[in-house]
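User: Here's a structure I'd like to go through with you. Can we start with its pocket and then turn to the helices?

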Amino acid sequence: MRSLSKIFAISLLASAAVVGACGSSDSPPGPLAKHFDDMYIAAIPLDQKQSVVQSQNDWSLAKMQNAKSDADLNEAETQLSIVRNDLKAAQLGVDSANSAKKSADASADTNRMNQASKDQHAAEALAKAAELRVRYFEAYIDYLKTVQRHSQEAMYWHEAQYESAKAQVGQKGGIAPKGVAFDDFSKQEHDRGQREASSKDRVESSKAHAMSARDSWLHAQESADKENGHPTNLPDPMAAK
């Protein structure tokens, strides 16, 4: 029995070692390993390099989209700090309303007590909405992080397509640079394409979670607005444009 336990423990250690050696499968994308030098196909007529031109344009667009995803995430993180400050202010409002309620109760003034109770409920409703708004923005930022990750994967995938297109043009033109294996470029493109597709699936799941958090906030905010007797016009990053 002890021998079986020992074998099982050794198996677990071996599995952990394999995982450690391989690293995380969800690690961020890194630069491409294979590049086909432009000079190899410089002399080939432009009309034979349309696939290269198109893939280069697609890569340029992907780089711009990646830059935008970075900017969107940075802006949202700045907004989150403001939203968290709004929550702190709302919580202070509850503390003030609670103090006012205690003072009103001690006065035995019915009108004052009723107003203080109403103000207390309104402050609590605003604080609840503010808390759910923080959760919404946190979920929104998580969503933007998946968008950013996908844009990175897409950028490298389009670059891999560009490198593959150059290699294909070179191969068709009978160019065979020393040390270049043409199959490496198609494999690189395939691998990067799989990573891009996988990251795209995570974007949709994360978006659904953020939209759910948004719905919860909107419902709470609507109730708080009714309690306070006036509507609010707070920034909503996922609202329809």
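User: Which residues line the largest pocket?

Analyst: This is a predicted model, where local features need pLDDT of at least 70 and side-chain atom pairs pLDDT 80 or more, while totals for chains, interfaces and linings use all residues. Numbering runs from 1 along each chain, and side-chain values use heavy atoms, without hydrogens or water. A pocket here is an open set of 1 Å grid points where a 1.4 Å probe fits, with protein on both sides within 12 Å along at least five of seven lines, and lining means an atom within 4 Å of a point. For the largest pocket, that gives Gln65, Tyr143, Val147, His150, Ser151, Ala154, Lys200, Val203, Glu204 and Lys207.

User: Which helix gives the most to the lining of the largest pocket?

Analyst: Two elements each supply two or more lining residues: H3 and helix H4 (183–228) (helices are DSSP H or I runs of at least four residues). The top contributor, with five residues, is H3.

User: How many residues in the lining of the largest pocket are charged?

Analyst: Sorted by class, the lining has four nonpolar and three polar residues. The charged ones (Asp, Glu, Lys or Arg) number three.

User: Is H2 roughly parallel or antiparallel to H3?

Analyst: The axes of H2 (residues 50–107) and H3 (residues 110–172) come within 7 Å and cross at roughly 170°. Angles over 145 degrees count as roughly antiparallel, under 35 as roughly parallel. So H2 is, relative to H3, roughly antiparallel.

User: How many residues of the contact of H2 with H3 are nonpolar?

Analyst: The contact includes 18 polar and 18 charged residues. The nonpolar ones come to 30.

User: Which residue follows H2?

Analyst: H2 has 58 residues and reaches 85 Å from its first C-alpha to its last. Next comes a residue with a positive phi, near 65°: Ala108.

Conventions
Axes fitted to C-alpha atoms, helices over the stretch in contact; angles between N-to-C directions. Parallel < 35°, antiparallel > 145°, perpendicular 65-115°, else oblique. Expected span 1.5 Å × (residues − 1).
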